[in-house]
Amino acid sequence: MKLGFMIFTAMSVLAAQGAAAANVTVSDAWARATMPGQPVSAAYMQIKSDTDAKLVGASSSVVPQVEVHEMKMEGDVMIMREVKALDLPKGKTVTLEPGGFHIMLMNLKQPIAAGEVIPLTLVIESGGKKQMVDVKAEARARHGGAMQHSNH
Ligand SMILES: [Cu+2]
């Protein structure tokens, strides 16, 4: 027991030394407004970290379920899947956009109206530490032709 405790302590010190919190900048955050009865939507943004980090989760006070997703072509089929950790390489702007990475908003109980502001909390991990980054995504009306989750 004692040995286990000592190892844990040593690891904590190492993690603390290597891990000043990442400085994360989020810009152009927006969410797609929904039609009545549509249970899912998505939010998009650009994320930049000044140190190597990962986006490992997200939540919202107004959306029951929030996941980080990726959309991509597999063969000639567009597939979507959850991403447990989205790499945010040091100094590089990572874009979440329609047809690619996105923050999936799920189990919506009511429509998201254009102009509404959706508060999101991103969970960013760097050097073994997690930090929360608050983001406000303004809802924009959906426009035709964009890739939609409901028909893939
Ligand atoms: Cu999705």
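Colleague: Let's start with Asn-107: does it count as buried or exposed?
Modeller: First, the ground rules: this is a predicted model, so local features need pLDDT of at least 70 and side-chain atom pairs count only at pLDDT 80 or more, while totals for chains, interfaces and linings use all residues. Residues are numbered from 1 along each chain as its sequence is written. A residue is buried if 20 or more other C-beta atoms lie within 10 Å of its own, exposed if 12 or fewer, and partly exposed in between, with C-beta atoms placed from the backbone. Asn-107 has 10 C-beta neighbours inside 10 Å, so the label is exposed.

Colleague: And where does Asn-107 lie?
Modeller: Strands here are DSSP runs of E, at least two residues long, and helices are runs of H or I, at least four long, all numbered from the N terminus. On that count, Asn-107 lies in the loop between β8 and β9.

Colleague: What is the phi of Asn-107?
Modeller: Most residues other than glycine have a negative phi. Asn-107 is not a glycine, yet its phi is positive, at about 60°.

Colleague: Which strand holds Asp-28?
Modeller: Asp-28 is another residue other than glycine with a positive phi, near 55°. It counts as partly exposed because it has 13 C-beta neighbours inside 10 Å. The strand that holds Asp-28 is β1.

Colleague: How many residues does the largest nonpolar core have?
Modeller: A nonpolar core is a set of buried Ala, Val, Leu, Ile, Met, Phe, Trp, Tyr and Cys residues joined through C-beta atoms within 7 Å. In the largest one, the residues with the most contacts inside it are Ala-43, Ile-103, Leu-105 and Ile-118, and its size is 29 residues.

Colleague: Which strand gives the largest share of this core?
Modeller: At least two core residues each come from β1 (24-32), β2 (41-49), β3 (53-59), β4 (65-74), β6 (86-88), β8, β9 and β10 (129-140). The largest share is five residues, and they come from β2.

Colleague: Which residues does Ile-103 touch, leaving out those up to four places away in sequence?
Modeller: I call it a contact when two C-beta atoms, placed from the backbone, lie within 7 Å. Ile-103 is among the residues with the most contacts inside the largest core. The residues it touches are Ala-42, Ala-43, Ala-58, Val-66, Val-68, Leu-96 and Leu-120.

Colleague: Why is β8 largely enclosed by the rest of the structure?
Modeller: β8 pairs in the antiparallel sense with β2 over three bridges and with β4 over six bridges, where pairing takes at least two DSSP bridges between the strands. As for being largely enclosed, that is because its buried residues number five of the six.

Colleague: Does β1 pair with β10 in the parallel or antiparallel sense?
Modeller: With β2, strand β1 pairs in the antiparallel sense over six bridges, and Ser-27 stands opposite Gln-46 there. On the β10 side, Trp-30 has Glu-138 as its bridge partner. The three bridges between β1 and β10 are parallel.

Colleague: How far apart are the C-alpha atoms of Gln-46 and Glu-97?
Modeller: Gln-46 lies in β2 and touches Val-26, Ser-27, Asp-28, Thr-93 and Thr-95, not counting residues up to four places away in sequence. Gln-46 is partly exposed because 14 other C-beta atoms lie within 10 Å. Glu-97 is 51 residues away along the chain, and the C-alpha separation is 8.4 Å.
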